Amino acid sequence: MPHENYFNRQTMIPKFRLLLVFITLLTGFLPVNAQTIKKFPFDPLVILKSWNYDDLIKKMGEGEEIMNTMKNQQYLAGLKYPFDLLGKKGSLAFYFKKDSISQFQFRQQHAVRVTSANLADKKIRDPGLNMENNLAMQKLDSVQRMDSLSRDSVVRAISEILGPPLSIGATDATEKDARFSALWINFGYSCLYKDFIDYSETVFSISTVPIWMTGEFDVPASTEILKKSVVKTMKMTWTASILGVPYAGKGLTYTDIFLFFEFITGQKYLVSLPKNAIDYLSRPYLMEFGTGQRFYLTIPENSIGYVPTVTFEDCDGDAIPEAWIQVPIVAGGSQVRHYIYSLKYKEPNLIFNSDEQIPLAISIAINSRVTVTLPDGALRTVEIPRQTGIVPQAAKLIPKGYNYLNNSPRNTDGTTNFTGGIEFQVSSKGITNPILEIIYKHIPNGWEIDQIKVLTNIQ
């Protein structure tokens with residue numbers, strides 16, 4: 001069957017060929033950078049953002065029709081297929097919103113069991129069946145324990161892909177049917193797992209911001225939650241969300257990116273950086289939205305279609321993790337901009353801005369020397385370590401981002417330095433592209449360029 005070949009994790013088709021299938025289908029769309037890590041046997045974001053009825057039929061086959069009724073008129077609500085997900089056999093159902101996929105869900109049936117209510121009723125009517133009742137209850141308890149083990153394995157498998165769940169545990173009393181649920185929001189989509197009496201269900205969908213946020217922070221109602229996480233320290237706890245405003249004409253593209261903080265003590269902040277490229281070297285600005293210490297900054301326009309990521313790590317030695325945002329800005333995700341915000345006083349404070357740290361230009365001369373133009377206009381000349389004839393003529397690079405930015409082992413005061421690498425193209429035969437590597441040394445209130453060197457690799 002077509003869907004078995006396309007989706008089955010055990011297929012012999014290499015992963016890069018699966019990616020090529022997606023790219024072929026989505027001509028004009030770029031693959032999502034975050035999906036290069038361990039993933040589901042499909043890309044939920046691409047399906048939710050780009051698939052329609054025809055795409056579904058092409059890749060999954062005709063499927064079993066899911067019919068619904070509105071105003072006494074039946075209509076096709078979706079299609080359902082037998083499927084294996086995370087080692088579980090079940091069915092995968094896709095639901096339509098007009099011509100697009102609004103959400104899709106995987107359902108796994110539990111083993112058939114006798115309900116406790118029926119057993120209790122039988123015991124009351126016929127006391128002679130006490131032994132049978134006890135055995136049935138033991139069997140029911142055993143099945144429930146098996147369900148619990150199955151539930152734990154599913155949660156663990158999803159967490160390996162999407163990170164720790166935002167929420168997990170027994171459902172509220174108002175949810176009579178679901179006994180347990182877990183929620184993840186990452187890589188541009190949400191994943192909700194619920195365990196019911198007779199089955200479990202995993203639902204993939206797009207999450208949008210709540211209505212109160214559109215009024216409080218004046219963000220569009222269509223703004224999507226691309227990633228949400230909970231951060232806990234000994235001093236404070238907060239949730240952090242990366243938000244993106246989708247651009248209707250370009251599939252996986254976002255016209256604006258925001259970072260939203262909500263502290264357990266009630267403070268809320270919305271953060272970003274200047275969108276216009278000519279403003280990259282300008283200072284960030286703040287705007288207060290009434291009471292409650294709510295602020296708005298800016299983040300560069302992300303017109304490539306990659307999902308930004310945020311991690312939390314203490315880089316300045318104050319024992320409070322900073323928000324480290326990474327925004328891919330070229331095809332392939334090979335160049336990334338980095339923004340690090342301190343949350344020491346809760347209000348986000350930009351302490352590392354790659355737009356103000358990355359060189360303005362890198363030039364290679366015919367004498368195998370590299371001239372680096374720093375953001376302040378100063379020039380540094382770096383010797384290429386080996387006379388390999390890297391370029392036969394002068395070459396110049398205007399870097400857009402880092403190929404990598406790593407933090408070093410901690411200094412004695414608990415701070416870290418950064419090592420940033422920028423690859424530049426050469427035309428000489430027999431060598432790989434050299435890397436300009438910059439070491440940023442931590443100083444009070446930030447980082448400064450310490451060392452610059454060129455790394456070359458002979459093939």
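**Entry 1: an open sheet**

I began with a sheet of 4 strands, which is open and runs in the order β21-β22-β23-β24 with antiparallel pairing. For my notes, strands are DSSP runs of E with at least two residues, helices are runs of H or I with at least four, and both are numbered from the N terminus. Two strands pair if DSSP finds at least two bridges between them. At the edges I found β21 (404–407) and β24 (446–455), each pairing on one side only. Neighbouring strands here are turned by 20° against each other on average, direction ignored; the axes are lines fitted to C-alpha atoms, and angles run from 0 to 180 degrees between N-to-C directions. I then looked at β21 and β22 (residues 418–423), which run antiparallel and are joined by 4 bridges. Leu-405 stands opposite Gly-420 in β22.

Residues are numbered from 1 along each chain as its sequence is written, and side-chain values use heavy atoms, leaving out hydrogens and water.

I looked up pLDDT, the predictor's confidence in each residue from 0 to 100. The protein chain has a mean of 75, and 69% of its residues reach 70 or more. Confidence is lowest in helix α2 (residues 15–25), at a mean of 31, and highest in β8, at 95. Over residues 1–37 pLDDT stays under 50, and the model has 59 contacts beyond four places in sequence for them; contact means heavy atoms within 4.5 Å. Residues 273–305 also stay under 50, with 90 such contacts. Where pLDDT is low, the predicted coordinates should not be read in detail.

Next I followed β3 (residues 88–97) into β4 (residues 100–109), an antiparallel pair joined by 7 bridges. The two form a hairpin with 2 residues between them, and Lys-98 in the turn has a positive phi of about 60°. Ala-93 stands opposite Gln-105 in β4. β4 also pairs with β8 (residues 199–205), in the antiparallel sense over 6 bridges, and there Gln-108 stands opposite Ser-200.

**Entry 2: rings**

I counted 24 aromatic pairs in the structure. Rings of Phe, Tyr and Trp (its six-membered ring) pair if their centres lie within 6.5 Å; planes under 30 degrees apart count as stacked, over 60 as edge-to-face, and the rest as tilted. Tyr-189 and Phe-204 have ring centres 6.3 Å apart and planes at 55°, so I logged this pair as tilted. Tyr-189 lies in β7 (residues 189–196) and Phe-204 in β8, 15 residues apart. Are these two buried or exposed? Both Tyr-189 and Phe-204 are buried, a label for under 20% relative accessible area, with exposed over 50% and partly exposed in between (1.4 Å probe, protein chains only).

Trp-324 is in β14 (residues 322–328) and Phe-418 in β22, 94 residues apart. Trp-324 is buried at a relative accessible area of 5%, and Phe-418 is buried at 0%.

Conventions. This is a predicted model: local features need pLDDT of at least 70, side-chain atom pairs count only at pLDDT 80 or more; totals for chains, interfaces and linings use all residues.
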